[in-house]
Amino acid sequence: KTINLHESLDTTLNLLGHLYENRITVYKHYGTVPPVECYAGQLNQVFMNLLANAAQAIDRKGNVWITTSVENSERGPEVCISIRDDGRGIPEDIIPKVFDPFFTTKDVGEGTGLGLSISYGIIEKHYGELTVTSTVGEGTEFIITIPQKLSSKLQRGVSSNE
């Protein structure tokens with residue numbers, strides 16, 4: 001399905017309004033991004049996971065920055081979405097584990113440890129990348145990079161093992 005990425009991000013923010021309201025300021029730095037061909041529902045699930053996690057990482061008041069752009073790589077045009085918060089951050093020794101299924105730093109009953117693992121799998125299914133950088137006490141940034149056109153990858157028969 002072809003979607004307007006910015007509309008999808010805005011819809012997700014509206015759905016998460018209860019987590020953001022009167023507490024978190026969102027800064028949108030939306031670049032000129034053409035419509036993106038993707039698995040829309042799954043990509044929205046990734047946005048939901050990352051934006052909910054960002055809100056949960058901010059203890060009181062804080063900020064979230066969403067930046068979109070198009071980059072030309074050797075693989076063709078790719079869309080980049082950055083979601084950055086100024087929350088508590090992730091300790092360096094935990095970063096390699098954040099995409100592992102069932103890994104969570106949340107209290108029992110607060111999270112399943114599946115959100116980031118599922119998100120990682122969805123981005124892989126889009127022939128893209130999901131990366132994270134974080135500094136304790138300063139915040140975390142997740143960067144999604146996916147091809148602008150999913151069908152071009154599917155038509156070439158790119159295997160998911162590449």
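Modeller: Phe99 is buried, with a relative accessible area of 18%. This is a predicted model, in which local features need pLDDT of at least 70 and side-chain atom pairs count only at pLDDT 80 or more, while totals for chains, interfaces and linings use all residues. Residues are numbered from 1 along each chain as its sequence is written, and side-chain values use heavy atoms, with hydrogens and water left out.

Biologist: Why is Tyr120 called partly exposed?

Modeller: Buried means under 20% relative accessible area, exposed over 50%, and partly exposed in between (1.4 Å probe, protein chains only). Tyr120 has 31%, so the residue is partly exposed.

Biologist: What makes the pair of Tyr27 and Trp65 stacked?

Modeller: Rings of Phe, Tyr and Trp (its six-membered ring) pair if their centres lie within 6.5 Å; planes under 30 degrees apart count as stacked, over 60 as edge-to-face and the rest as tilted. Here the centres are 5.7 Å apart and the planes stand at 15 degrees, so the pair of Tyr27 and Trp65 is stacked.

Biologist: Why are the rings of Phe99 and Tyr120 called tilted?

Modeller: Their centres are 4.8 Å apart and their planes stand at 40 degrees, so this pair is tilted. Ring pairs also link Phe99, Tyr120 and Phe142 into a cluster.

Biologist: How do you know that Arg84 lies over the face of Trp65?

Modeller: A charge sits over a ring if NZ of Lys or CZ of Arg is within 6 Å of the ring centre and within 35 degrees of the ring normal. Arg84 lies over the face of Trp65 at 4.0 Å from the ring centre.
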